[in-house]
Amino acid sequence: MKTVGILGGGQLARMMVLAGTPLGVRFVVLDPAADACASQVAPMVAGSFADTQALDEFASRADVATFDFENVPSASAESLLKRVPVFPNPRALAVAQDRLAEKTLFGELDIPVAPFAVVDNRAQLDEAIAKVGTPCILKTRRLGYDGKGQFRLLSSDDADAAWDALGAQASRVGLILEGFVEFDRELSVVAVRDRHGEFRSWPVTENWHVDGVLSASLAPASVSDAMAAVATRHARKVADALDYVGVFALELFCRNGELLANEMAPRVHNSGHWTIEGAETSQFQNHLRAVLGLPLGATRMLGHACMLNWIGKMPAPEAVLAEPSGHWHDYGKAAREGRKVGHATLRADSRQELAQALERVGVALGRQEQVAPVIARLQATAS
Ligand code: AMP
């Protein structure tokens, strides 16, 4: 079996390794931190993503390369491509790295987005506010993730504060102003496309964020078949347009029955972690199958699933492990504020049972706030 090289050694790489091991896949991981959490499960090359020597060593040990981290410099991805096949391709990576390129592509594909305007200087911020309207949100075009590099403006009076917060980054990573979407819910489509263009998606997932960071995911989302079909069609169009190979996520806002695309992640995604136990084939294994040119596995769900993220530090596992279908994932990372350190997935055959399991876990761990919106959604749609 071949060796897959993964750029980035975080929890996504770690879970890829765990999913690929039964297939006999070997791995090598490149990360600037020698103790990145994937180093506990796979051999590492320690070095920056721009370090040519480290990239050379990495490429010499891999048959194919992929990413756990989308902000690898596109020049590094291009130079790797001279040595090994790279999936997803560097163009897909470059588009997903830049919110402007991403939104431009969505527009070309007739996928609705919130109004937006590029902001390169202070004067353009005023023009952008006039164009987009308020409330709105100023974001870095590149290198933002998990709500970092964002500033919300309630009115044009907040322009100075927004510029103070992010203006210094305008020349380095670019800025974009987006209309604030008063969404009813946030959804994502996690999907996979193989080297022959075969496309499969997992059921649409509903997501809840706290301070811009994913807190909980519920699958399947309780949306109409028609809405799920539109969401999936959007994802397919993006994948086909980019000749994408591997797993990706399309994040969507749902407002009054309308879907607006927020962004795409060119990699396995936090809102797809539930697929490890909640679907016939996980996003991690299907990603590896796609990049290795193996047949894709079925993406059908096994009941209902909810994933809860553990941010900052791990809670005690007993309450989740005591559940009939409770699954625990500790990424082996040191505790640190705001850091994703693990997750749990609860699975059940019905929405009612899933709501009951979440209630028990929420109370036992003192995390009622985290589970409450998910329980409310399950109860509103229990059948
Ligand atoms: P992002 O980094 O773009 O995925 O943003 C992180 C989170 O911030 C999203 O999942 C939303 O909860 C929120 N957010 C980002 N952009 C917008 C927007 N234009 N309108 C409303 N909420 C947003």
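## Basis of the model

Because the model is predicted, local features need a pLDDT of at least 70 and side-chain atom pairs count only at pLDDT 80 or more, while totals for chains, interfaces and linings use all residues. Residues are numbered from 1 along each chain as its sequence is written, and side-chain values use heavy atoms, with hydrogens and water left out.

## Overall form

The protein chain holds 14 helices and 17 strands, where helices (H or I, at least four residues) and strands (E, at least two) are DSSP runs numbered from the N terminus. The radius of gyration, which is taken over C-alpha atoms, is 20 Å for the protein chain, close to the 21 Å that the globule rule gives for 383 residues, so the chain is as compact as a globular protein of that length. The globule rule itself is 2.2 Å times the number of residues to the power 0.38. Taken along the principal axes, the C-alpha atoms of the protein chain fill a box of roughly 55 × 55 × 40 Å.

Three domains are assigned to the protein chain, namely domain 1 (3-86), domain 2 (115-179) and domain 3 (185-381), and these bounds come from an automatic or database domain assignment. Between the C-alpha centres of domain 2 and domain 3 there is a distance of 29 Å.

## The ligand and its surroundings

The ligand lies between domain 2 (115-179) and domain 3 (185-381), because both give residues to the shell around it. A residue is near a molecule or strand if one of its heavy atoms lies within 4 Å of it, and of the 18 residues around the ligand, Lys139, Gln150, Val181, Glu186 and Glu263 come nearest. The residues of the shell divide into five nonpolar, six polar and seven charged; here Ala, Val, Leu, Ile, Met, Phe, Trp, Tyr, Cys and Pro count as nonpolar, Asp, Glu, Lys and Arg as charged, and the others, Gly among them, as polar.

The elements that give two or more residues to the shell are strand S6 (136-140), strand S7 (150-153), strand S8 (175-179), strand S13 (246-255) and strand S14 (258-265).

## Buried parts of the chain

Of the 383 residues in the protein chain, 57% are buried, where buried means under 20% relative accessible area, exposed over 50%, and partly exposed in between (1.4 Å probe, protein chains only). Helix H11 (residues 283-292) is mostly covered, with ten of its ten residues buried, including Phe284, His287 and Arg289. Just after H11, Gly293 takes a positive phi of about 75°.

Loops can hold buried residues as well. Ser325, in the loop between helix H12 (318-321) and strand S16 (326-330), is buried with a relative accessible area of 14%. The side chain of Ser325 makes a polar contact with the side chain of His327 at 3.5 Å; a polar contact is a pair of N or O atoms within 3.5 Å, and within protein one must be able to donate a hydrogen and the other to accept it, while residues adjacent in sequence count only if both atoms are side-chain atoms.

Most residues other than glycine have a negative phi, and most peptide bonds are trans. Against this background, a cis peptide bond joins Thr134 and Pro135, with omega about -5°, and Pro135 is found in the loop between helix H6 (122-132) and S6. The peptide bond from Ala219 to Pro220 is also cis, with omega near -5°, and Pro220 is found in the loop between S12 and H9.

Asp110, which is not a glycine, has a positive phi near 60°; this residue lies in the loop between helix H5 (99-108) and strand S5 (116-119) and counts as exposed at 63% relative accessibility. Asp211 is likewise not a glycine and has a positive phi of about 50°; Asp211 sits in the loop between strand S11 (205-210) and S12, and at 73% relative accessibility it counts as exposed.
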